[in-house]
There are 2 protein chains.
Amino acid sequence: MSSSGRVVKRVILGRAMRSDRLGETLLPKRLALPVFASDALSSVAYAPDEILLTLGLAGGALAATHSWEIALAVVVVMSVIILSYRQNVHAYPSGGGDYEVASVNLGPRAGLTVGSALLVDYVLTVAVSVSAGVQNAASAFTFLRGHEVAAAVTIVVLLTAMNLRGVRESGKAFATPTYLFIVTILGMAVIGFFRQAAGTLPQAESAAYELAPVEGMGALGTAAMAFLLLRAFSSGCAALTGVEAISNGVPAFQKPKSRNAATTLALMGGVAIAMLVSMVALARWTGVKIAEDPETQLLQDGRPLGEGHVQDTVMGQVAKSVFDGFHPGVVLVSIVTGLILVLAANTAFNGFPVLGSILARDGFLPRQLHTRGDRLAFSNGILLLAGAAAGLIAVYDAQVTKLIQLYIVGVFVSFTLSQVGMVRHWNRHLALERDRRVRTRMQRSRIINGVGAAMSGLVLLVVLATKFLHGAGYAIAAMATLFAIMVAIRKHYDHVRNELAVVPGDTKAQLLPSRVHAIVLVSKIHKPTLRAISYARATRPSVLEALTVDVDPDETATLQREWDARDIPVALKVLESPYREITRPVVDYVKSVRSDNPRDLVVVYIPQYVLGHWWEQVLHNQSALRLRTRLLFTPGVMVSSVPWQLASSAGVEDRLDGPVAGDVRRGEG
Amino acid sequence: MSSSGRVVKRVILGRAMRSDRLGETLLPKRLALPVFASDALSSVAYAPDEILLTLGLAGGALAATHSWEIALAVVVVMSVIILSYRQNVHAYPSGGGDYEVASVNLGPRAGLTVGSALLVDYVLTVAVSVSAGVQNAASAFTFLRGHEVAAAVTIVVLLTAMNLRGVRESGKAFATPTYLFIVTILGMAVIGFFRQAAGTLPQAESAAYELAPVEGMGALGTAAMAFLLLRAFSSGCAALTGVEAISNGVPAFQKPKSRNAATTLALMGGVAIAMLVSMVALARWTGVKIAEDPETQLLQDGRPLGEGHVQDTVMGQVAKSVFDGFHPGVVLVSIVTGLILVLAANTAFNGFPVLGSILARDGFLPRQLHTRGDRLAFSNGILLLAGAAAGLIAVYDAQVTKLIQLYIVGVFVSFTLSQVGMVRHWNRHLALERDRRVRTRMQRSRIINGVGAAMSGLVLLVVLATKFLHGAGYAIAAMATLFAIMVAIRKHYDHVRNELAVVPGDTKAQLLPSRVHAIVLVSKIHKPTLRAISYARATRPSVLEALTVDVDPDETATLQREWDARDIPVALKVLESPYREITRPVVDYVKSVRSDNPRDLVVVYIPQYVLGHWWEQVLHNQSALRLRTRLLFTPGVMVSSVPWQLASSAGVEDRLDGPVAGDVRRGEG
């Protein structure tokens, strides 16, 4: 980073925080709510659509009659889950979240299952939120229609660039759009309720259409009808995604952490339920009709609307009705909804590295993900997340309805395992606890978590049963693959640790070499070469020689002449290379030195010049690098790089420093 | 490479060749022809189409009357160019080709222009040949229709994989398909001529259609007509692409190299002209009609054939007429044509690295492209070529007609500059030559090259005038970009060379450090750490200390306890890291050591374990690598890697060895 860049960074982000000063950056509830709730709240932008769409498969009548019941069921589940997570927050204030709860109480395999599910979910959060954001924005900005995939991928790319550059999330950046969203949606609901009460709420445009069932869904038997209702309920459970975010973020709260987190959780639940209920009610009153396949399912005067008909989201249609001709209102809803959905996607960019860091700490993911500030590895994580999400968006045409099928299963896998883990947690503690008052509280918590476990397990079964063939199967396959990879990585780390462990009696590693044979590699005589020779001489080796490979006889002769002319106090040895190679003759020579004197240490000095830009590095030093890599495979050899810093390298050192996303969530802002 | 793999390689490719045994692998004429001529000969598969298509823009009459004249003009140009290149081959037997001729005689800028043009041409050779191959194959294998882009990209991917794996071209692999192609096409021509003479040659299916002019081309004035004829001629000059290949490959010929190359060139020219003339004649006799936009231009009973009509290539239509109902004949033509076009594309995969190596030798491309056997850099070249070609195929929908517009301009840029350079060459030599007989020969050569220069310059102007807006402009832009990049690279190399040069009196590089301060980095106590300490002790430094960074107080305490318990004879220094970083505290400490004793040399020993697989490397050593990179930017520091080879690393060393494509062309097979 340039020095002016560093000043700007100081001004914007403030000084980097010392570990012992972390307390000062913790979040008050009013900022924690927007940071952690955007994901959960934003789902109101697509959950009602999914309920109505699924019911609409069997025609307009079913959607009209049963949407209320489905919404009610979702609200019940959400209340139970939120109550359950309030117990988690109190019991596990460390922020390990579902992964920690499952690992500690149900063992590492359960934890790893949760980890896989959450990783898949982060990808889907990005894909679903961004797609939904684009769909919502298209209600007001119709030029986006037909370009949804391009628009969604563009947003993913922008988020990626932002996060790669290290823009860290801050409570304040989240606060404005989130509160604006809450106020706008609840405000719209209030206006809508008043107009409904006054009898002046207009019908939605789509109310005039007839909603035809899709083929084969016209007259359903009781079982098929029940299955469809369950499927609609599964889809509606999309409203629950993101509920667990707060339980991962307890360390970021101000003290009393757990209490504040639990309160924020309750607040978030209240707002989410209010918004969901309002949207479903308004959609019903305005007669919104929404179809999975609007071109054939929506009829006007008995004829399908046909190609070219594009339907708005429920939120968009409701806004058009409530604000009835007042276009700025519709645009406002569209903008704030789009914004909060992008924020929700961004939370995945922040949550992914946090989870990755925890999984890496436990040896299930590459270790460098754990090291704070390893921007390279961290960038790879962001690119992986973005690539997978963009791929999903492209494959599923940015259609929320299709992506949703993959989404909910992961959420409920982690809900279920986490709640079952909590029941175990209370069992364990109850076995030791003697204080009656505490026991009563624990027993109450256990009941709540038990109900939560049963409920989320039931929903998981319903989701699997109704959605496996529609896409949830892919999500399960992705989780299984991740699970297998993570097990393999852990196995590899264990294996290497065992191989590297110092075993009593095995002194091979401590063997002191008797003599040092130093070899300076020379390609031509320039400053780096001369410095390498000086440095090598400074270490006073037993033997010191310069080595060059004869690839081109003319060049070699020139080098030898110049060598002699300069009176360099080290002999230059020339290796033949009949195949015009560089690496192999050197490696062979080094090996021969070793086998002549097996107790010697061979030190190979490689002169290397250091440049400032990556594209400069591409142009240089490749054969030195390759040689270095090859020599590392040769036992008994040490490779010393003698750097010569070129002018362009000055000031480059600090370029790799910068803020790391996910810090606010870790309480490390 | 596994040992069994090496055995297979030995069996297939023979032992690697020593420089002094290269002579044994040189190509006799009968093998050189197929190796170098596939590109030039294969163009008969698309050049006649391009002539007829372009003429057909003004309707069927023009195509019928003028195709002969255009073909004749192309034949004249081809004869002149081939005669000219016979002079090049004698004057420049080193195989530098047009790049060398232009550089030596017209200066480096002209050479670089030719280099840029040729690089662009290699990309287009791949794109055009593969697309034409797919189009030809579709004549017999109709299931390919509608999937041309996918099929073409698949072929590019297969060629890429083949070349990345290091399958080297061999004369024998080329011989069979090339001779089969020549025999098949000329055989078909002979049969066609006999049937025409006997009056039994059937009309092509498309002869029954009427060919309507495209909009605005119905009644052309004289100027417009002349312009269209010139455009058709430009398109027909696609037949000349690849003619220069032999001049790049002279070193690969058996002695007398130049004579053999010149003979092969003449042979190739004869065959190419015979095939081109035959195809145009047969197309005319069978009444083949071919249109740029067949769906609207081809009429039956006055009505367009409309959507769904797909036209065969000229080669395909002619084959169907000549073999009249004998399907295997049609399939054979389709297969051999497809094969030779794929071979032609493969020549670009072999020619690209050769040219890249020459440009790299002169400092215009990254130096590692010059090093033989740098498979990594070489792979990047192949991937670049393949990526660009696949991109073009996708953008231009695998349509040869569109790609051709970009193609020919580069070819004629290098023809023209090369021939102008040859004229200069003879001028220079004539100024010194006194022998009358030699002078006469030189003067004759100069006339031939002069005519060649004038002719190719004229064609270049025609191509630019008629095709600039149709796509040649993009090719020019691509060449200009490459030119600018290569100039910048050369500038960079010159700059670095100056900065590194040893200036008399500047002894900074030779300064002998007074003492050596050795620092062993420790993260935990395992075998690599113990070995690093042993190696560091073996070099008997003035000061030796072990260094660890306190990121986690518990881990550090454990390390310190174990350190003391093991009685390691080196003191362990613990650095604080309030920001939980590793790199910065170490760099800061090293800098402080240096500034306390500026004449000391600081040697940092980094224990590193070596694993066998790249994916294993990904899981390890990242912080060591990052630290090493950062330390290289710190003056006065030498970084020593102490490798510990894990079991999985055994036998990995040789994995990077393998054959390098382009060797046959360089005479290094």
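Reader: How do you know that β2 and β3 of chain B pair, and in which sense?

Author: This is a predicted model, and in it strand β2 (residues 298-300) of chain B and β3(B) share two bridges, in the antiparallel sense. Pairing takes at least two bridges, so these strands count as a pair. One bridge partner to look for: Leu299(B) goes with Pro304(B) in β3(B).

Reader: What makes β1 and β3 of chain B edge strands?

Author: The open sheet has three strands, in the order β1-β2-β3 (chain B), with antiparallel pairing. β1 (210-211) and β3 (303-304) of chain B each pair on one side only, and that puts them at the edges.

Reader: Why is Asp397(B) called exposed?

Author: Let's count. Asp397(B) has 12 other C-beta atoms within 10 Å. The cut-off for exposed is 12 or fewer, so Asp397(B) is exposed.

Reader: And what makes Ala398(B) buried?

Author: Ala398(B) has 25 other C-beta atoms within 10 Å. Buried takes 20 or more, so Ala398(B) is buried. You'll find Ala398(B) in the loop between α15 and α16 of chain B, and Asp397(B) is in the loop between α15 (375-395) and α16 (400-432) of that chain.

Reader: What is phi in Asp397(B) and in Ala398(B)?

Author: Phi is near 60 degrees in Asp397(B) and about 55 degrees in Ala398(B). Both values are positive, in residues other than glycine. Most residues other than glycine have a negative phi.

Reader: Where is a cis peptide bond in chain A?

Author: Go from Lys255(A) to Pro256(A): that bond is cis, with omega near -5 degrees. Pro256(A) sits in the loop between α10 (245-248) and α11 (257-285) of chain A.

Technical notes. Residues numbered from 1 in each chain as written. Chains lettered and ligands numbered in written order. Predicted model: local features only at pLDDT ≥ 70, side-chain atom pairs only at ≥ 80, totals over all residues. Helix = DSSP H or I, 4+ residues; strand = E, 2+ residues; numbered from the N terminus.
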